[in-house]
Amino acid sequence: MDENNLRKEDSVYQPEGSDYNQGGSGGNGLGIGSLVLGIVSIVLSCTGYGGIICGIIGIILSNLSKKQNGKTGVATGGMVCSIIGIVISVILLILSFIFGAIGLAMLNDLSSLQ
């Protein structure tokens with residue numbers, strides 16, 4: 001190949017006419033991030049607050065991705081997983097408070113019997 005047939009793009013010499021895009025079109029990093037955080041929020045839902053925090057950030061990233069790239073399946077999946085993670089976290093937190101209150105009431109009843 002002759003050096004006259006080469007062009008310089010991003011400090012990489014490529015033959016003329018090549019459609020190689022080194023950066024890639026990508027552009028769906030926010031959607032992928034929202035999907036990952038949605039899945040993590042489901043996994044961390046048993047910790048309570050970890051699932052809620054990851055879910056909220058996942059929803060924010062999903063909304064940003066939908067504004068930038070239009071409605072994509074990845075961003076929608078991230079939104080759904082994030083909402084599921086938040087709902088499970090809230091339900092488990094409520095149940096833990098209820099069972100904690102029941103346990104304290106039972107301890108008070110036992111101590112009053114003595």
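A search of the whole structure, which is a predicted model, finds zero disulfides. A disulfide is a covalent bond between the sulfur atoms of two cysteines. Cys 46 is exposed, with a relative accessible area of 62%. Cys 54, with a relative accessible area of 14%, is buried, because buried means under 20%. Another cysteine, Cys 81, is among the buried residues of helix α3.

The overall layout comes next. The protein chain has two strands and three helices, and along the sequence they follow the pattern β-β-α-α-α. Of its 114 residues, 24% count as buried. The accessible surface of the chain comes to about 7,700 Å², and carbon and sulfur atoms account for 67% of that surface. Among contacts in the chain with a separation of 6 or more, 60% are made by residues 24 or more positions apart.

Helix α3 covers residues 73-113, which makes 41 residues. From its first C-alpha to its last it reaches 60 Å, close to the 60 Å expected at 1.5 Å a residue.

Which residues of α3 are buried? They are Ala 75, Gly 78, Met 79, Cys 81, Ser 82, Gly 85, Ile 86, Ser 89 and Leu 93. These buried residues pack against two other helices, α1 (29-43) and α2 (49-69).

Ser 65 lies in helix α2 and has a relative accessible area of 0%. Ser 65 therefore counts as buried, as its value is under 20%. What is Ser 65 in contact with, leaving aside its neighbours within four places in sequence? Its contacts are Asn 28, Leu 30, Gly 31, Gly 70, Thr 72 and Ala 75.

Is Val 90 buried, partly exposed or exposed? Its relative accessibility is 35%, so Val 90 counts as partly exposed: that class holds the values between buried, under 20%, and exposed, over 50%.

Note on methods
Residues numbered from 1 in each chain as written. Predicted model: local features only at pLDDT ≥ 70, side-chain atom pairs only at ≥ 80, totals over all residues. Heavy atoms only, no water. Helix = DSSP H or I, 4+ residues; strand = E, 2+ residues; numbered from the N terminus. Expected span 1.5 Å × (residues − 1). Buried < 20%, exposed > 50% of the residue type's maximum accessible area, 1.4 Å probe, protein only. Contact = heavy atoms within 4.5 Å. Disulfide = S-S within 2.5 Å. Areas by Shrake-Rupley, 256 points an atom, 1.4 Å probe, with all protein chains shown as cover.
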